Amino acid sequence: VLTIIGLDSATFDVVDPMLAAGELPNIGRACREGSRGVLRSTTHPLTPHAWSTIVTGVNAGRHGIWDFTERDESGYQLRLVNGSFRRAPAFWDRLRRSERRLGIVNVPFTWPAPEVDGFAIAGFDAAAREQGLTFPASVGEELRRRYGSLELDNRFPLKNGQFDLDLVRRAAAQKLEIVEWLAERFDPELLFVVFMAADHVHHICWNDWEAEGLQSPVADVYRVLDEAVGRLVELSGPDANLMI
């Protein structure tokens, strides 16, 4: 069993000071008991480019996703890019041929949700679209019945122009509930779950981190993410391999 946890935009520039202060116990345990290091990102380090490289193992010259938008056939207009633009197979396409059970949740640029032996929920490029949000489609219908509104941390957590930590917490809690329910149902051999909140809080509150450190909203979000890591490690069991 392999569990991959994506913390979009997370950085040791925040993790290490928090570890030194005795915080982030779950991420800290992963660092102590495993290996850690800084990975060089893509050039440029944009979400669509980088995540498409992560899941395919090839660069944008081969997978074809460079940015959030691209020029259309006219050469004069821009169109939004989504996972359907990817030209190279993702690792789950290869594993599907081997009949491996997978759970894919919120990986950026995976709309429409990929067909896997298991379950998939598309990333934020799904926007507000219901069609293609999940595979199988029946999973989306059941999630709507269970939860009504889905908070998949696909948008900046703002309320009245201010950072909304409560939304971050609600989105993380709901995502974990969904993952636990689906994992129990489909029993995936590989579980891949991405959280976007670190990226969002860096965009909005990085100046607060530099000024306030552990009292900043950035640190609060990392605490939420650390709890999520702990929940997913517990869900995966003691024999699972973990990659963050």
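Guide: Helices, of at least four residues, and strands, of at least two, are DSSP runs numbered from the N terminus. The model here is predicted. Between helix H6 (137–147) and strand E7 (158–159) runs a loop, and Pro157 lies in it.

Visitor: Is Pro157 buried or exposed?

Guide: The cut-off for buried is under 20% relative accessible area. Pro157 has 3%, so it is buried.

Visitor: Which residues does Pro157 touch, not counting residues up to four places away in sequence?

Guide: Its contacts are Gln162, Phe163, Asp164, Leu167, Val168, His200 and Ile204. Val201 lies 44 residues from Pro157 along the chain, and the two C-alpha atoms are separated by 8.1 Å.

Visitor: Let us turn to the sheet. What is the order of the six strands?

Guide: The order is E6-E5-E4-E9-E1-E10, in an open sheet with mixed pairing. The edges are strand E6 (134–135) and strand E10 (241–243); each has a single partner strand, so one side of each has no neighbour in the sheet.

Visitor: In which sense do strand E4 and strand E5 pair, and over how many bridges?

Guide: E4 (residues 101–107) and E5 (residues 117–122) are parallel, with six bridges. As one example, Leu102 has Gly118 in E5 as its bridge partner. Helix H7 (residues 165–186) packs on the sheet and touches E4, E5 and strand E9 (190–195). The directions of H7 and E9 make an angle of about 170 degrees.

Visitor: How do E1 and E4 pair with E9?

Guide: Strand E1 (residues 2–7) pairs with E9 in the parallel sense over six bridges, and E4 pairs with E9 in the parallel sense over four bridges. Val193 of E9 is the bridge partner of Ile5, and Val105 also stands opposite Val193.

Visitor: How should I read the two faces of a strand?

Guide: The side chains of a regular strand alternate between the two faces of the sheet. In E9, Leu190, Phe192 and Val194 are on one side, with Leu191, Val193 and Phe195 on the other, and all are buried. Six of the six residues of E9 are buried, and the strand is described as mostly covered.

Visitor: Which residues have the most contacts inside the largest nonpolar core?

Guide: They are Trp92, Phe192 and Phe195, in a core of 60 residues. Helix H9 supplies the largest share of this core, nine residues. Not counting residues up to four places away in sequence, Phe192 touches Ile4, Trp51, Val55, Phe91, Trp92, Gly103, Ile104, Val105 and Val107.

Visitor: Now a helix. Which residues of helix H1 are buried?

Guide: In H1 (residues 12–20), Val14, Val15 and Met18 are buried. They span an arc of only 95 degrees around the axis, which means that they sit on the same side of H1. Asp13 and Ala20, on the other side of H1, are exposed. The buried residues of H1 pack against helix H2 (25–33), helix H8 (197–212) and helix H9 (217–236).

Visitor: What caps the N-terminal end of H1?

Guide: Thr11 does, with a side-chain oxygen 3.0 Å from the backbone nitrogen of Asp13. Just after H1, Gly22 has a positive phi of about 85 degrees.

Visitor: Where is Ser236 placed?

Guide: Ser236 is in helix H9. Its relative accessible area is 19%, so it counts as buried.

Visitor: With which side chain does the side chain of Ser236 make a polar contact?

Guide: The partner is the side chain of Thr3, at 2.5 Å. A polar atom of the Ser236 side chain also lies 2.8 Å from the backbone oxygen of Leu232.

Visitor: One more residue. Where is the place of Asn82?

Guide: Asn82 is in the loop between strand E3 (78–80) and helix H5 (91–97). Its relative accessibility is 7%, and therefore it counts as buried. The side chains of Asn82 and Ser84 make a polar contact at 2.4 Å. Leaving out residues up to four places away in sequence, Asn82 touches Ile65, Phe109, Trp111, Asp125 and Arg129.

Technical notes
Residues are numbered from 1 along each chain as its sequence is written. This is a predicted model: local features need pLDDT of at least 70, side-chain atom pairs count only at pLDDT 80 or more; totals for chains, interfaces and linings use all residues. Side-chain values use heavy atoms; hydrogens and water are left out. Buried means under 20% relative accessible area, exposed over 50%, partly exposed in between (1.4 Å probe, protein chains only). A polar contact is a pair of N or O atoms within 3.5 Å; within protein, one must be able to donate a hydrogen and the other to accept it, and residues adjacent in sequence count only if both atoms are side-chain atoms. Contact means heavy atoms within 4.5 Å. The arc is that of the directions from the helix axis to the C-beta atoms. Two strands pair if DSSP finds at least two bridges between them. Axes are lines fitted to C-alpha atoms, for helices over the stretch in contact, and angles run from 0 to 180 degrees between N-to-C directions. A nonpolar core is a set of buried Ala, Val, Leu, Ile, Met, Phe, Trp, Tyr and Cys residues joined through side-chain atoms within 4.5 Å.
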